[in-house]
Amino acid sequence: MSTACRILRMVHRDDRGALSVLLLLTLLALVALIGLVYNAGEYPVRRRHVQAAADASAQGAALWMARTTNIIAATNMLIVENASAEVIWKSTRDTIAAISARLAGEIRRITRELERIERQRQRNDSNPRGRDEVLALKLDLKEAVLREVLMMYPAQQGILAELIARTAPGLAATTPAELRQRRADIYEYQAEVLRQTPPAVDAERQAAAGYYRCQTLIVTAGGSEYVGAPVKSVDDVNVEGVHVSGVSVQEPDGQRMIWVTGGTWGEILCPPLARFFYDRVRRDVGDDRPDSLIPILRALDDERQHVGDMIRAMLSPPPGTDPQFLRAWSEALSEILDMRLHERFAEATFRRYVAAHSASVLRQLGNTPQHVLATYGRYHVPEWARDGVYRDAYDHVYRDVYGRNYERLWRRRYNELRRGGMSDSDARREADRWARAIASEGAARIAEQAATIWIHRTWPYEIRPPQQPVPPPRGLPADQRHEYFTLISAAMTTSASAPQPVLTRLMDSLQTPMLATAQAEAFNWMEYHGAYGAGDRYDRRMPPRPWRLSTRGGWNWQPRLAFSDALGKALESSEMLRAYFEGAGMTSPQRESVEYLIMH
Amino acid sequence: MSAQRETSSTRSRWPGVCPAGRLLWRALADDRGAVAVSFILTFPIFLLIAAIIVQYALLLNARLVVEHAAQTAARAAATALPDERPELVLRAARTALAPLSPRAGVAPEAEALRTAEALADCGVNVAESFADRYTYAMAATRAAWSGGGWPNRAGREVEVTVRYRFLLTVPGASRLISAGRTSVAGVEGRFTTLVATARAQASHGRKAAADSSGWPW
């Protein structure tokens, strides 16, 4: 037997340590199994970690976008409130001046009328043909009433004094020039906030990167690493109207060419702020405010109504009045009412000034720089909406032109016919037929011209009109949402946050860094709610009124994580983002494939 | 010669004992080969225990993967549901479970081929068997989530439950876990259903109205 065989036989016979070998093998198997389970747990934990880093970066950046947009919207409201204050300031000043002038003028007029009455009375009394008793009565009545009316002016002047006292502090506290300067200051503040937003976004990104110990990147869908709020500054946003000077129309049954005058329609003053501006002015004027001027002005008007009641009461002939003197009563009443001393005018004057100053202040606002949503611009009416816009514009212009020309044409023809000797009723009938024919033809031609211009020129829209009517009838188009309101974040593990697998030689382990992405956006949920300003109609004559950055509904921007439908586009545009993907083992990320693989 | 010596020696040591008794006595007195016998007797039990340990380790591994799939699906649900892409919740779970899955016994599904192709397009080193495994995952995975109307709801918690038919591959041990044999995506064997639930904060739906707590207007 060889030596080797003897050793083998000895080992075979010697069973000492057999259990140790078994134990060792069992332990090795157990360690491998524990390693397998540990590794299986390690990767998901790190995956969640890096995904949390991407989500936090995206959410943080979108939060700054929303926050800044809300600040711009809120301060736009301050600008509008300031402009409304200027309207009220100017209107109050002018109204007080107008009321003072009118009351003073009326008192002077009454005084002169009393002097005139006295002169008439003296003439009547010294009339050589005898005193006219009817005239004398009329003069007596008028004098009595006017003296009574004169006694009522202190009450009106008292109300005026109250109005002056109420408004003097406000009028003295500021001037229109100061208000304009404050608007300019607010604009500068907005610009500074916009400048500070990208650094804030980057600080947020760095904070998330530090906390999760990952590399992070934030880019826009367009690939830019400069992520700011979806806001831009524009100058001179007033929109000129559609102008048609007029047309010549051949008269029916005649040879003459009759001119039908046109006009200008569709002028929009400062579209971005007009919506809230008019709303704000209406509320500032409104009598639901505790400091509204309207109750005072109505009190003045009510006082004047009492004057009217008093005049009518004093000039009502008592029962049994001799019929020959009735004329004196009625003439006295008519002449005094013609003086319009009882007319309600204060509130109407104020509202007229408010309308005039609103237009001028809004025009001035439109000529100064302001911040609007980045999507704001002049766009053509979308193809699908042109029929609706054309019909709406046509109807509007037709009604306006017809209404303004018919009256003028009717009067002209009526006068011609009457001068030609036609009877009144015939002239009326013929003038109506003539004016209708010319006004309708002229209005139709002008409306057609105006509506054609209307649908072929650009109009201001806060967001680009959708290319299809449905869906969605509301909300931002996807490409604009991506371009201005969306950002992409990517997070990649570093050595500090990478998975730490065990038994890497024994098991197939992931050696490349882990990558996670997230998409977030600033959005305004009111976008879809008609009650809050949404519900844009693109097939109407006037473009939808902007609201997303200039009303209270406009400062409801929020951040949200969104489905990553812009990731493919961002990958095409951003080299840095591609580098992240390549670092994670996706050496040639193709847009279509990436978009297919996106799960969140 | 030696046998004759042994016989005579034994006989002389226990006179009067029958030969069978002498043989039994001798077998009991001789402990050579005892380890081999005890090994033969205990090895199947040891093997069964080892198989059970391996099977449960694989199950534990699978449970971790299914939980990961549930979390992936929950993260997908957080944005896919409010943005009206609910089909992606299930796809996220399937993608996470494909590496755990055996190769399907049927032709790969179009979705599996498209996913494998997309991964390859992006430069990822995709295993040849990925489409087959994904096909199995498609048949073996179910996903369900709480709530509805997400596009119109403010951000709330969504709970996603993923169910996965896991193939028990360790012989013997699988019988202890699953009684009957069945087939999933052409794969015959014993299966157990693993269930995992994960929660995520769903994103605020774009069309969600304000709550009653006083949003500014």
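Trainee: What is Val89(B) in contact with, once its neighbours within four places in sequence are left aside?
Mentor: In this predicted model, Val89(B) is in contact with Ala73(B), Ala76(B), Ala77(B), Ala80(B), Ala143(B), Trp145(B) and Val160(B). Val89(B) is also listed, together with Ala73(B), Ala77(B) and Val160(B), among the residues with the most contacts inside the largest nonpolar core, which has 192 residues. Helix H2 of chain A, residues 18–125, gives the most to this core, with 24 residues. Another core lies apart from it and has 13 residues, among them Leu137(A), Leu315(A), Ala328(A) and Leu333(A).

Trainee: Why is Leu326(A) called exposed?
Mentor: Leu326(A) has 12 other C-beta atoms within 10 Å, and a residue counts as exposed at 12 or fewer, so Leu326(A) is exposed. Leu326(A) is found in helix H7 of chain A, residues 323–338, and, leaving aside neighbours within four places in sequence, is in contact with Pro317(A) and Thr321(A). The C-alpha atoms of Leu326(A) and Val134(A) are separated by 8.6 Å, although the two are 192 residues apart along the chain.

Trainee: And what makes Arg541(A) buried?
Mentor: The criterion for a buried residue is 20 or more other C-beta atoms within 10 Å; Arg541(A) has 23, and therefore is buried. The place of Arg541(A) is in the loop between strand E9 (515–524) and strand E10 (557–562) of chain A. Leaving aside neighbours within four places in sequence, Arg541(A) is in contact with Val389(A), Asp392(A), Ala393(A) and His396(A), and its C-alpha atom is separated by 8.1 Å from that of Arg391(A), 150 residues apart along the chain.

Trainee: How do you know whether H3(A) is roughly parallel or antiparallel to H6(A)?
Mentor: Helix H3 (residues 133–173) and helix H6 (residues 294–314) of chain A pack at an angle of about 175 degrees, with their axes 9 Å apart. Angles over 145 degrees count as roughly antiparallel, and therefore H3(A) is roughly antiparallel to H6(A). The residues of this contact divide into 15 nonpolar, one polar and five charged; on the side of H3(A) they include Val149(A), Met152(A) and Arg166(A), and on the side of H6(A) they include Leu300(A), Glu303(A) and Val307(A).

Trainee: Which elements of chain B give two or more residues to the side that touches chain A?
Mentor: As a whole, 38 residues of chain B are in contact with 38 residues of chain A. The elements of chain B in question are helix H3 (34–80), helix H4 (87–97) and helix H5 (110–121), and H3(B) gives the most, with 16 residues. The residues of that side of chain B divide into 22 nonpolar, eight polar and eight charged.

Trainee: How many helices and strands are there in chain B?
Mentor: Chain B has seven helices and four strands, which follow the pattern α-α-α-α-α-α-β-β-α-β-β along the sequence. Buried residues make up 38% of its 217 residues.

Trainee: Where in chain B does pLDDT stay under 50?
Mentor: pLDDT stays under 50 over residues 213–217 of chain B, for which the model has eight contacts beyond four places in sequence. Where pLDDT is low, the predicted coordinates should not be read in detail. Chain B averages a pLDDT of 87, with 88% of the residues scoring at least 70, and the model scores ipTM 0.81 and pTM 0.84.

Methods
Residues are numbered from 1 along each chain as its sequence is written. Chains are lettered from A and ligands numbered from 1 in the order in which they are written. This is a predicted model: local features need pLDDT of at least 70, side-chain atom pairs count only at pLDDT 80 or more; totals for chains, interfaces and linings use all residues. pLDDT is the predictor's confidence in each residue, from 0 to 100. Two residues are in contact if their C-beta atoms, placed from the backbone, lie within 7 Å. Axes are lines fitted to C-alpha atoms, for helices over the stretch in contact, and angles run from 0 to 180 degrees between N-to-C directions. Angles under 35 degrees count as roughly parallel, over 145 as roughly antiparallel, 65 to 115 as roughly perpendicular and the rest as oblique. Ala, Val, Leu, Ile, Met, Phe, Trp, Tyr, Cys and Pro count as nonpolar, Asp, Glu, Lys and Arg as charged, and the others, Gly among them, as polar. A nonpolar core is a set of buried Ala, Val, Leu, Ile, Met, Phe, Trp, Tyr and Cys residues joined through C-beta atoms within 7 Å.
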